[in-house]
Structure formats: structure tokens, C-alpha cells
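Q: Please take a close look at the sheet in this model. Then cover the ring contacts as well.

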Amino acid sequence: MKTLIINGSPRKKGDTMYFINKIKESIECDVVSAYYRDFSPCIDCRKCKGGECIYNDDMTELLNNIDSYDNIIVATPLYYNQPTGVLMAMMSRTQMFFMSKKKLKPKKGYVIVVGGGDSVINSADAEKTVRIMLMGLNVKVEGYVRCLKTSEIKPENDIEANKEIKEIIKKIKN
């Protein structure tokens with residue numbers, strides 16, 4: 001089973017990376033970090049209706065190989081209760097699959113959202129946004145990790161979030 005983690009965090013040693021590293025300790029996977037890729041966001045030019053994007057950048061290889069994965073995990077900190085802006089720009093490129101109606105093989109998906117500070121109310125909006133993007137990749141979301149209020153509780157001390165990450169690892173391994 002081949003697993004891809006799409007990382008929406010700019011911080012290489014931040015709270016979101018804590019959960020990514022927990023997965024990497026247990027499962028062989030590829031990690032794509034949105035902040036460290038050279039790509040352009042979708043400009044809605046509609047060329048993708050024919051099944052290809054006008055850009056030839058770091059996203060091109062990922063989009064061309066997305067069907068080789070069995071599991072896709074999207075991990076992001078919350079910015080205004082949404083995925084990070086750079087992750088949103090990266091996700092916009094998957095519109096190619098909506099537009100071209102190219103059928104991808106079914107995959108399992110998981111969403112990890114991490115947030116701190118006073119503005120984190122909940123993660124439902126971010127989860128919905130990521131879930132819509134994953135639907136276009138023929139991904140059925142089977143699990144979530146929600147680690148909120150990280151300004152008060154560090155991820156390693158969030159009992160429920162660590163339980164959820166263990167469940168995801170278990171599901172991927174089986």
C-alpha cells in the first residue's frame with residue numbers, strides 16, 4: 001500500500017509535523033510539502049478539460065503520479081479555521097480531475113488538522129474543504145485527527161489526537 005502525505009505546514013518542526021513524523025515512524029510514505037514546492041495555483045484556464053494542465057512544475061509530477069497511491073493524507077495547520085493558503089493553492093491544481101472527468105482508482109484518505117490560538121473555533125470548515133478536494137481524487141475519507149488548542153496543549157500531550165493518529169496508522173497497515 002503506497003501512502004502520500006500532503007503537508008500544508010510551513011514549519012519543519014511544528015505541531016503538524018509531530019503527526020506526520022508519527023506516521024513516518026510506522027509507515028513508509030512519500031511526503032509533499034506545499035511550502036517547499038515550486039508550483040503555480042490553478043488559473044481556471046480550462047485546458048485541463050482535455051486532461052492536462054498548462055503548467056509544467058513541481059505539481060505536474062505529483063498529479064501525473066497521484067493514481068499510484070492507495071492512501072492520501074492531508075495534514076495542515078488551521079489559518080482562520082481553514083487549510084493554509086499555500087495548501088489551498090496546491091489543492092486548486094487538483095481541479096484538473098474534476099474538469100477532465102478522468103477517473104482515478106479508489107483511495108482511502110485521512111485528514112489531520114492542527115490549530116492553536118484564540119481564533120481556533122473548530123476544524124469542520126477545513127475538513128470539509130479538504131474532503132471536497134479529495135473527492136475529486138476518488139478518495140474516501142476514513143479518519144481524522146483533530147488537534148486543536150495547541151497553544152494550551154502540545155500535540156504529544158493531546159490524548160485524543162494521539163489515539164486518532166494510532167487508529168489511522170492501524171487502518172493503513174491493514
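A: Two strands pair if DSSP finds at least two bridges between them. Helices (H or I, at least four residues) and strands (E, at least two) are DSSP runs, numbered from the N terminus. This is a predicted model, in which local features need pLDDT of at least 70, side-chain atom pairs count only at pLDDT 80 or more, and totals for chains, interfaces and linings use all residues. Residues are numbered from 1 along each chain as its sequence is written, and side-chain values use heavy atoms, with hydrogens and water left out.

Strands of a sheet pair through backbone hydrogen bonds, either parallel or antiparallel.

Now one pairing. β1 (residues 3-7) runs parallel to β3 (residues 71-77), joined by 5 bridges. Asparagine 7 faces alanine 75 in β3.

Next, the rings. The whole structure holds 1 aromatic pair (ring centres of Phe, Tyr or the six-membered ring of Trp within 6.5 Å; planes under 30 degrees apart are stacked, over 60 edge-to-face, the rest tilted). Tyrosine 18 and phenylalanine 19 form this edge-to-face pair, at 4.9 Å centre to centre and 85 degrees between the planes. Phenylalanine 19 is buried, with a relative accessible area of 0%; buried means under 20%, exposed over 50%, partly exposed in between (1.4 Å probe, protein chains only).

Two lysines also sit over rings (NZ of Lys or CZ of Arg within 6 Å of the ring centre and within 35 degrees of the ring normal). Lysine 2 lies over the face of tyrosine 69, 4.8 Å from the ring centre. Lysine 12 lies over the face of tyrosine 36, at 4.5 Å.
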